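Q: Got a model open here. Can we go through it piece by piece?

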Amino acid sequence: MADKRQRIGIFDSGLGGTTVLKEMMKALPNEDYIYYGDNGNFPYGSGKTKNEIQKLTERILDFFVKNNCKLVIVACNTASTAAIDYLREKFPLPILGIVEAGIKIARKNTKTKNIAVISTKFTAESHGYKNKAKMIDTELNVKEIACVEFPMMIETGWDTFDNREELLNKYLAEIPKNVDTLVLGCTHYPLIRKDIEDRTKLKVVDPAVQIVDKVKQTLGSLDLLNDKKAKGKKIFFVTGETYHFKPTAEKFLGEEIEIYRIPK
């Protein structure tokens, strides 16, 4: 049985999910977290099949269960699109996805009902956001744009790429004129949010903000919110390199992290 002192598991194909973790740390600072960055199998959004993503994420859920997690956040839009229903069928603990959160926060912010989503190739081609929008609000019009190069560029060092502005302008130019809200449909993209906002007048929204409310609601309804007074602990596990991941995560989160490399 789950108890209040168990951890919250957060996973992504790499660094991107730290944007979700940061929001969680602000909202629920007393919770303990395990972050799993599957950077040894990065990227999920280009070149992997739905079945491959499901098998990779199943391994991660096994890891979280063995490490006493009471709730898991799929902090990866590609994994949410490809595997969340699959994972929910296999595991009994609450599993929350980032795509649903993205649609809900866009719906709150749009005045025209026309939104755009920048995402990975897999999320866009699978119509992860468009399909979820149909389930939540059939009046929403969703334009999905695959920014193929972005996850790798952000994961390996955005500022080192001379063509980053050219690519940003290219993809933002694909947004229809009637759109008023832009969803960051990959958890890596909030890491370059300022660059995006500098080039558009659209309302830019991050699904991570919305998913915090869902976590609070879910844990509260199950009486699983951690009631300890001390600040929570965070442990990071990655399946690839740590030499770039660690300093980048520390800079973004504003604190040192405890990190371990595990087999992929």
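Q: What's the bridge partner of Ser119 in E6?
A: Ala146 is the partner of Ser119 in E6. This is a predicted model, where local features need pLDDT of at least 70, side-chain atom pairs count only at pLDDT 80 or more, and totals for chains, interfaces and linings use all residues. Numbering runs from 1 along each chain as its sequence is written, and side-chain values use heavy atoms, without hydrogens or water.

Q: How many bridges between E5 and E6, and in which sense?
A: Six, parallel. Strands (E, at least two residues) and helices (H or I, at least four) are DSSP runs numbered from the N terminus. Two strands pair if DSSP finds at least two bridges between them.

Q: What packs on the sheet there?
A: Helix H6, residues 128-136. H6 touches E5, E6 and strand E7 (181-184). Its direction makes about 165° with that of E6. Axes are lines fitted to C-alpha atoms, for helices over the stretch in contact, and angles run from 0 to 180 degrees between N-to-C directions.

Q: And the strand order in the open sheet?
A: E6-E5-E7-E8, four strands with parallel pairing. E6 (141-146) and E8 (203-205) each have a single partner strand, so one side of each lacks a neighbour in the sheet. The twist averages 25° from one strand to the next.

Q: Where does Asn114 sit?
A: In strand E5, residues 114-119.

Q: Buried or exposed?
A: Asn114 is buried, because its relative accessibility is 11%. The cut-offs: buried is under 20% relative accessible area, exposed over 50%, partly exposed in between (1.4 Å probe, protein chains only).

Q: Which residues does Asn114 contact?
A: Asn141, Asn178, Val179, Asp180 and Thr181, leaving aside neighbours within four places in sequence. Contact means heavy atoms within 4.5 Å.

Q: Last one, H11. Which residues are buried?
A: Phe245, Ala249, Glu250 and Leu253, in helix H11 (residues 245-253). They fall within an arc of 120° seen down the axis, so they line one face of the helix. That arc uses directions from the helix axis to the C-beta atoms.

Q: What covers them?
A: The cover includes helix H1 (18-27), strand E2 (33-37), helix H7 (150-156), strand E9 (234-238) and strand E10 (258-261).
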